[in-house]
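I set out to record what could be looked up in this structure, entry by entry. The notes follow the order in which I consulted the model.

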Amino acid sequence: MDINLIKKLIKIVEQSEITEFSVQEGDLKIKISKNSHAGTQAVFQQMPAVIPEMITKVPVTNTIQEEPKLLEPKEEKKSNLHEIRSPIVGTFYRAPAPDADPYVQVGDIVSPGMVLCIVEAMKLMNEIESDVNGKIVKILVENATPVEYNQPLFLIETM
C-alpha cells in the first residue's frame, strides 16, 4: 500500500468524526483510530506477525467545535432560513449523472425526504435529502467540489 494513500486516510480520519477505521489489503492490515485527548494513531500490521507494529501519532486540531458558534448567531437573525449541511466528507454533486439535470435549482420548492444532491465518499453515492418544507434560496457549494463534514450546502426558506 502506498504511503501517500495511508497519509490521506489518516487525514480523512482526523477531519471527520470517525473514531476508528481499518482496512486490509493482502497481508497488510491498517487500523487508524483516534480519541480526543491523545490524537490520531495509525497501526500497521503484517498479518504473519513478521514485522512488529509501527505507530505514528499525528496531532489532531479541533476546529469543528468553533464552526457552530460562528454560524448559530446568523441562524438566529434569519430564523426562517434553514441550512442543509453535509453529513460526511466527500465530493458534492448537484445531479445524479454528469449529463443529467440537477436535483434542485434556486427557487424550487422542496419537502422532507426530497433528494437535493449527492455527496460521494469512497465511491459511495450518498443522497442528501431535505428535512424541511421550503424554497431553495441559495446553493452554497459548486458542483463537483469537495465538502467537509457539517459544511452548509443549501439555504432553504422554511414555509
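This is a predicted model: local features need pLDDT of at least 70, side-chain atom pairs count only at pLDDT 80 or more; totals for chains, interfaces and linings use all residues.

**Entry 1. Confidence**

I looked up the confidence values before anything else. The mean pLDDT of the chain is 79, and 72% of the residues score at least 70. I then examined residues 49-55, where the pLDDT is below 50; this stretch has 11 contacts in the model beyond near neighbours in sequence. For residues 63-76 the pLDDT likewise stays under 50. There the model has nine contacts beyond four places in sequence.

**Entry 2. Overall make-up**

I counted the secondary structure elements and found two helices and 12 strands. Along the sequence they follow the pattern α-β-β-β-β-α-β-β-β-β-β-β-β-β. Of the 159 residues in the chain, 30% are buried. I also checked the range of the contacts: among those between residues at least 6 apart in sequence, 48% join residues at least 24 apart.

In what order do the four strands of the open sheet lie? I read the order as 5-12-10-7, with antiparallel pairing. The edges are strand 5 (81-85) and strand 7 (109-110), each of which pairs on one side only.

I next went through the pairings inside this sheet. Strand 10 (residues 134-139) and strand 12 (residues 152-158) run antiparallel and are joined by five bridges. Within that pairing, Lys135 has Glu157 of strand 12 as its bridge partner, and Ile136 stands opposite Ile156 in strand 12. Strand 10 also pairs with strand 7, in the antiparallel sense, over two bridges. There, Val110 has Gly134 in strand 10 as its bridge partner.

**Entry 3. Strand 8 and its partners**

How many residues of strand 8 are buried? I found that seven of its seven residues are, and that the strand is mostly covered. Strand 8 pairs antiparallel with strand 6 over three bridges, and antiparallel with strand 9 over six bridges.

I used Ile118 to follow both pairings. Tyr93 stands opposite Ile118 in strand 8, and the bridge partner of Ile118 in strand 9 is Glu127. I then inspected the hairpin of strand 8 and strand 9, which has two residues between the strands. In this hairpin Met122 takes a positive phi near 55 degrees.

**Entry 4. Ala121**

I placed Ala121 in strand 8. Is Ala121 buried or exposed? Its relative accessibility is 18%, and the cut-off for buried is under 20%, so Ala121 counts as buried. Leaving out residues up to four places away in sequence, Ala121 touches Ile88, Val89 and Asn126.

**Entry 5. The largest pocket**

I then turned to the open space in the model. The largest pocket has a volume of about 620 Å³. It is lined by 25 residues, of which Ile12, Val89, Gly90, Ala121 and Met122 are the closest to its centre. The elements that give two or more residues to this lining are helix 1 (3-15), strand 6, strand 8 (115-121), strand 9 (124-129) and strand 11 (145-147). Which element supplies the largest share of the lining? I found that helix 1 does, with six residues.

**Entry 6. Ser86**

A polar atom of the Ser86 side chain lies 2.5 Å from the backbone oxygen of Ile88.

Which residues does Ser86 contact, leaving aside neighbours within four places in sequence? I listed Val119, Val147, Glu148, Tyr149, Asn150, Gln151 and Leu153.

Technical notes: Residues are numbered from 1 along each chain as its sequence is written. Side-chain values use heavy atoms; hydrogens and water are left out. Two strands pair if DSSP finds at least two bridges between them. A polar contact is a pair of N or O atoms within 3.5 Å; within protein, one must be able to donate a hydrogen and the other to accept it, and residues adjacent in sequence count only if both atoms are side-chain atoms. Contact means heavy atoms within 4.5 Å. pLDDT is the predictor's confidence in each residue, from 0 to 100. On a 1 Å grid over the protein atoms alone, a cavity is a set of points where a 1.4 Å probe fits but cannot get out, and a pocket is an open set with protein on both sides within 12 Å along at least five of seven lines; lining residues have an atom within 4 Å of a point. Grid points are joined across faces, edges and corners, and a volume is the space filled by probe spheres set on the points. Buried means under 20% relative accessible area, exposed over 50%, partly exposed in between (1.4 Å probe, protein chains only).
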